Amino acid sequence: METSSRIRLNSDARARSRARILRETASRIGQLYYHFYLRKGDTCYLDEAFTFYDFIRQRRYFAWDAQGHPAFDGAEEQQQPPEAGDPQQPPPPHQQHLQQQQQQLQRHALALRELRYYARFAVVCFLLEKRSTLRPVLAELRELIAAIAPRCAAHERAEWFLVL
């Protein structure tokens with residue numbers, strides 16, 4: 001029983017890791033095409049950027065779980081399941097606090113990455129006049145800003161509301 005749960009944890013971690021790698025790779029490729037468009041002015045680069053951004057959105061690589069945690073943040077890779085004979089000792093309170101702070105910073109960094117992704121995707125949709133895609137992207141961006149704004153610094157919050 002314990003071995004099957006350990007295998008399941010490892011396969012879940014691998015799946016999340018792969019999803020994170022795909023998300024980051026597709027996002028970077030989309031950024032590259034967008035920057036090529038800015039340099040060259042050729043809309044074929046915008047079409048390619050749109051393809052990669054839409055790939056990320058359709059596969060929900062920035063999905064959040066019910067507790068408000070990123071579904072594919074890769075944090076699970078750092079947690080090793082306890083060995084069979086080792087009793088797991090809880091870390092001291094100060095170490096738990098540091099771990100919680102680190103996790104919050106990682107979630108905040110991922111949330112900002114997601115906000116930037118949606119902002120770029122919205123610009124690409126606008127420039128390509130893809131209104132049918134732009135409307136839901138802007139709605140998702142609004143929801144995300146509303147969800148993340150209470151946890152952001154005042155200047156960050158003001159900047160993201162200005163983006164809308």
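Leaving aside neighbours within four places in sequence, which residues is Ile56 in contact with? In this predicted model, where residues are numbered from 1 along each chain as its sequence is written, local features need pLDDT of at least 70, side-chain atom pairs count only at pLDDT 80 or more, and totals for chains, interfaces and linings use all residues. Side-chain values use heavy atoms, with hydrogens and water left out. With those sequence neighbours set aside, Ile56 is in contact with Arg23, Ala26, Ser27, Tyr61, Phe62 and Tyr117, contact being defined as heavy atoms within 4.5 Å.

Ile56 also belongs to the largest nonpolar core, which has 31 residues and in which Tyr53, Ile56, Leu115, Tyr117, Phe121 and Val124 have the most contacts. A nonpolar core is here a set of buried Ala, Val, Leu, Ile, Met, Phe, Trp, Tyr and Cys residues joined through side-chain atoms within 4.5 Å; buried means under 20% relative accessible area, exposed over 50%, and partly exposed in between, with a 1.4 Å probe and protein chains only. At least two residues of this core come from each of helix 1, helix 2, helix 3 and helix 4, and helix 3 gives the most, with 11 residues. Helices (H or I, at least four residues) and strands (E, at least two) are DSSP runs numbered from the N terminus.

Aromatic residues were examined next. A search of the whole structure finds 9 aromatic pairs, a pair being two rings of Phe, Tyr or Trp (its six-membered ring) whose centres lie within 6.5 Å, with planes under 30 degrees apart counted as stacked, over 60 as edge-to-face and the rest as tilted. Among them, Tyr117 and Tyr118 form an edge-to-face pair, 5.0 Å centre to centre with 65° between the planes, and both of these tyrosines are buried. Ring pairs link Tyr117 and Tyr118 with Phe50, Tyr53 and Phe121 into a cluster. Over the ring of Phe50 sits the charged end of Lys130, 4.5 Å from the ring centre, the criterion being NZ of Lys or CZ of Arg within 6 Å of the ring centre and within 35 degrees of the ring normal. Phe50 and Phe121 are also touched by Thr133, as are Arg57 and Cys125, when residues up to four places away in sequence are not counted. Thr133 has its place in helix 4 and is buried, with a relative accessible area of 14%.

Side chains of opposite charge can pair when their charged atoms come close. The structure holds 3 salt bridges, each a side-chain nitrogen of Lys or Arg within 4 Å of a carboxyl oxygen of Asp or Glu. Arg23, Glu24 and Arg113 are linked in a network of such bridges: the closest N and O atoms of Glu24 and Arg23 are 3.8 Å apart, while the side chains of Glu24 and Arg113 meet at 3.4 Å, N to O. Because Glu24 lies in helix 1 (residues 2–40) and Arg113 in helix 3 (residues 93–127), the latter pair ties together parts that are 89 residues apart in sequence.

Glu140 counts as partly exposed at 24% relative accessibility, whereas Arg57 is buried, with a relative accessible area of 17%.
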